[in-house]
Amino acid sequence: MVSLTFFNLGNADTCRINLRDEQRLLIDYADRLCRIDASDKRSDLPKLLKDDLALAKTDTYKVVAFTHLDDDHTQGAGEFFSFDHDKVRQGKDRKKIGTLWVPACVLYETNLKDDAQIIQKEARHRLIQGYGIVVFSRPERVREWLARHSLTVEARKDFFVDAGKPVPGFTLGADGVEFFAHSPHATRTNDNKIIDRNGDSLVFQARFQEGGVNTDVLFAADVDHEVLAEIVDITRYHGNDERLHWNVYKLSHHCSYTAIGSVKGEDKTMPTEQIKWLCETQGEKYGYIVSPSWPLPIKGSAEDRDVQPPHREAANYYKQDVIRPERLLVTMAEPSEANPKPVVIEIGRDGATKKTIAAATVASVVSPTAPRAG
Amino acid sequence: MDVQAWFAEQFTETVSPDKLNKPRARQLAALIATGGYDGAELLECRRDLESGNEILLLRVLVPLGQRALVNDIEPEEPVAVLIGRDNLLPHAYPLRPGFPDHVPHFNVAPPDRPRSLCLYEVAAEEVRRTYTAIGFVERIRWWLAETAYGRLHGEAQPLDPLFQQTGLALIMPFSDIKPGMLYAAGRVSERTDSPVRLIVIDHQNAAQLQERQGLYAVVYLRTPPVEHGRIRDLPFDMAHLVRTYQEIGADISEVLGEALLATYIAAHVKFLLDQPLILIIETPLTRAGGGVEAKTVRAFIAHNVSAGNLAIKLGVLIKEQGIWGRPLLMQPEIQDLTSIDLIPADTHEPFDRARAQLASGYPIIEAVPTALLGAGALGSQIALIAGRGGYGCRIIIDNDYLFPHNLARHGLGPEYIGWSKAVAVCRELNGLLGDDTVEAIHDDILSPSGESRWPAALGDVQRVIDASASVPVARWLACDAEREAQAASCFLSPSGRDAVVLLEGEARSPRLDHLEMSYYRHLVGNAGLAGHLSAGEIALYVGGCRNPSVRIPQTQVAALTGSVVEALCRRPWPSTGGIYLWRSSEGLTGIAYHAFEGEPFEQVQVGEWTVWVRRGLLHEVAEARERAGRLETGGILVGTCDRDRKIIYVVSHYDPPPDSTHELTGFVRGTVGVYQTIVDVQARTADNLTYIGEWHTHPPGCGTRPSRDDEKLLWWIHEALRWSDAPALILIAGDDGYRLVLRDSAEQHFEGLI
């Protein structure tokens, strides 16, 4: 069964896509669990991912995408994955990356540390060696960088995908899925002296086809409303409206109001024209919106006054004007705030449907490592 | 009907979830209250003070995608779950005003009561055996989602009839029935619930029929086609009947009058005017947007009015001084028809396929008083084949009647249609055997009426052959029946290609249920038995979706039954018991025979649960402990739970996965292959065996007392199994034996030592 699993990690993103041939894709990686805090309800991400790979009898992700290098999208990746550029970061317990997807800015950002730096080194290594990578951007953007490594745009153009194009490596016919790149896009990357991470994030549409029915999932990384507006304008300009259609919308920046408009609002954030179009006309009536975030704050609480997302006002917009309230899925509140579990959305002939938490089979529940017996 | 108001009126007492009395209500409330299940929300619990029945009002979250809906189902639907008597399954009632009531698969109810969802296509006792709260709610969600997309009634599934089943049966004649032809009808036996059989009247038999008691006049009508959908409530008076058909565009009063007039006109059948009337109405059915695909035929018995008096009410005939005549009025006036009561009856289409041959008999070894449970296809053929070999059963019990569709594989002939199967088979056997030693008991094996010798009659026999093809019957026989007689259970696999005999040993050891578990174990371990429990192909539905008849040729049943008779009647029953399985190949080019010995089981009481552990498993675990030396070892356990009886069967254990960790003071069970193992076990045994817990060993010098780690492990298993309502189980092998540690739904901890 084709499915998307959004892990409950607080304000952090990790989504695993299971394809019909049992291959796995991973969009971002953020191991946020505090292992010395027994009350921490966030997923033990490496354990869950390893157990899942064991079920699938593989140790390789077909694709690992890092939408950008913020810590809440990369934390712990340096310890989890096997990196070809560094023998120290290889070994039988580490999980392999088939193809690495990154935005172009990953190649040339400076002052990176820890996991972000490791990912950057891996991306550079793969691009230089010429294998296992897709860089989202026009290749011209990194002409200088390529030249410094004695490479030309022509020599590496097959490893780039520009906005407005399908991402190589997948087709609906063969794989049951295709990906369409929206960002980074030309407006933001041209003349951009200062790298805006969230602005140069990967934004893409995944289109699945099951039972002859298309189901679209929009991944919006951490871009703000301005970037989304540019994406909308460019996409509509080129007549590709249906490439912003969604059955599932993975929200940008953990349900921040900045993904909707510039003003938070008293109780509800009002959208810009483009966001209104994107949310209110391109989504399905019984679609889902996924907020990879902490639970929505209660009005007047300390969390509500916090500038960090999730923002209640943003959630109210989605729940009142976009979809049915129960279809806004907050990862740290499903099925309950007291006991959150990863949100699994299955893709089938009826579109996207949220899987019941307790519907797992006995086999899948007990087949992971059992606790120690003594 | 305002369903919410109806429930509010009936269930007046609000109850908190922890104060619910009904076990299934408590289970359901507990499932939702934990917060770990997100398929429904609990809104309220209420109780009917008079009956004690309880309802849970749920908000069910329907797994709707974005596909266009065919029927108006909302993503959240309020549903009332009614829990009545403990031996009944819960019922689910949609509460939303405007919930579509025209869709198929509602249970029928009287006009003043709400209708519940028809959730299952198998008999209730089969569902009860494996019922869990989460399974029930998931079934509601499935019903709602499939109805939303118009898929609940499968494309290949026959269309639902216009009216519900009644329980009374009318057997149609072999020839094509046509409106306008003249028929009479009479009961096959004096039993008031026995079927009524249609008889074509001609000039030859009219005089004879005139002398017959208990005859009915029959009128047959055909209406225009209607689209299948909501099964309608049965009309119980003539006015209601006329009105019901008017609603679907058919005015039956006029054609009924014409048919009755025809009876008057045909002189040789005029005597039928003084007989009570059976009205048979045929309505062609269409699928939405399609042509005629099926027909629904229902009969209505007007027992309190004669055919002629109905004709008077319809204004087409008069009767003066005992003489029938026609009125002078040009426009007949229709009198009030509400006083004409109707008893609905189900019709059974004629069956015209040829009957197969039976095998010849064998010399008897010993006449052993035997009870035969079930006189269906397999049971009847066992009885008659054995009977032709001189082996008679002392008692035959069944509560079913022989219907035309049974002729495909039953041992009886068409002359017994309408007869009690037990009585008819008994009659045949007594005839074959030349005496009246066989006794028929017409009664329900599991729910006897109290009016027959069942189940006391078990005391008169030394052997019981269970040919009921019912797991509930086999389990009752194994666990609850008071008997000393040795029992054997025989059945065909779902595809009909294989036959199985489970035969108890002396003094009922091994027991039938233990043999059943061993049988499943062999299905897993024996590659030659792959596919044994694969589903059969359904040929037709007789009276609804819970009564499917599977496509199995009589050639197969006959060939396999002969093998079964060989094992049960021709050969002595071994003292150690046994499991025998015959696999036929495609086209019956061969039958492969498999025989396994029965295996003993050890019993231990652990809290409220009786745990049966296969003795061989204990030896195997002991051997694993020895091989492990000073290190601990372990793996998963496979078996099943009988939740009604609170019995756990521990059937198999599995070696530790290769990535397990073995230490002096601990063992961590790995993952490699575990998922696939459980999936394989479930697939090969049709989910009759599944994961039930973990086993491990303590090193030499150590007893079996569970450690703190073991308690954590038990908790982990409990969490994993909580939605299947099965207790968590650990088996620990040590110097003092084998300890079973169990944690149940009440989160209580119990131990038992073997």
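How many residue pairs are in polar contact between domain 1 of chain B and domain 3 of chain B (both at pLDDT 80 or more)? The count is zero, where a polar contact is a pair of N or O atoms within 3.5 Å; within protein, one must be able to donate a hydrogen and the other to accept it, and residues adjacent in sequence count only if both atoms are side-chain atoms.

The model is predicted: local features need pLDDT of at least 70, side-chain atom pairs count only at pLDDT 80 or more, and totals for chains, interfaces and linings use all residues. Residues are numbered from 1 along each chain as its sequence is written, chains are lettered from A and ligands numbered from 1 in the order in which they are written, and side-chain values use heavy atoms, with hydrogens and water left out.

Chain B is divided into domain 1 (3-148), domain 2 (169-348), domain 3 (370-597) and domain 4 (601-753), with bounds from an automatic or database domain assignment. The C-alpha centres of domain 1 and domain 3 of chain B are 37 Å apart. Contact (heavy atoms within 4.5 Å) involves 11 residues of domain 1 of chain B and six residues of domain 3 of chain B. Between them, these two domains bury about 670 Å², 54% of it on carbon and sulfur atoms; buried area is the accessible area (1.4 Å probe) that two parts lose on being put together, summed over both. In domain 1 of chain B, the most area is lost to domain 3 of chain B by B:Glu121, B:Glu126 and B:Arg129, together 54% of what that side buries. The number of salt bridges (a side-chain nitrogen of Lys or Arg within 4 Å of a carboxyl oxygen of Asp or Glu) between the two domains is zero.

Between the chains, 50 residues from chain B and 38 residues from chain A take part in the contact. The area buried there is about 3,600 Å², and carbon and sulfur atoms give 56% of it. B:Asp38, B:Gln66 and B:Tyr675 supply 21% of the area that chain B buries against chain A, more than any other three residues. Chain B and chain A share five salt bridges and 11 residue pairs in polar contact (both at pLDDT 80 or more). A salt bridge joins the side chains of A:Arg349 and B:Glu146 (3.8 Å, N to O). Helix 16 of chain B gives the largest share of the side of chain B that touches chain A, seven residues; helices (H or I, at least four residues) are DSSP runs, numbered from the N terminus.

Conventions. Helices (H or I, at least four residues) and strands (E, at least two) are DSSP runs, numbered from the N terminus.
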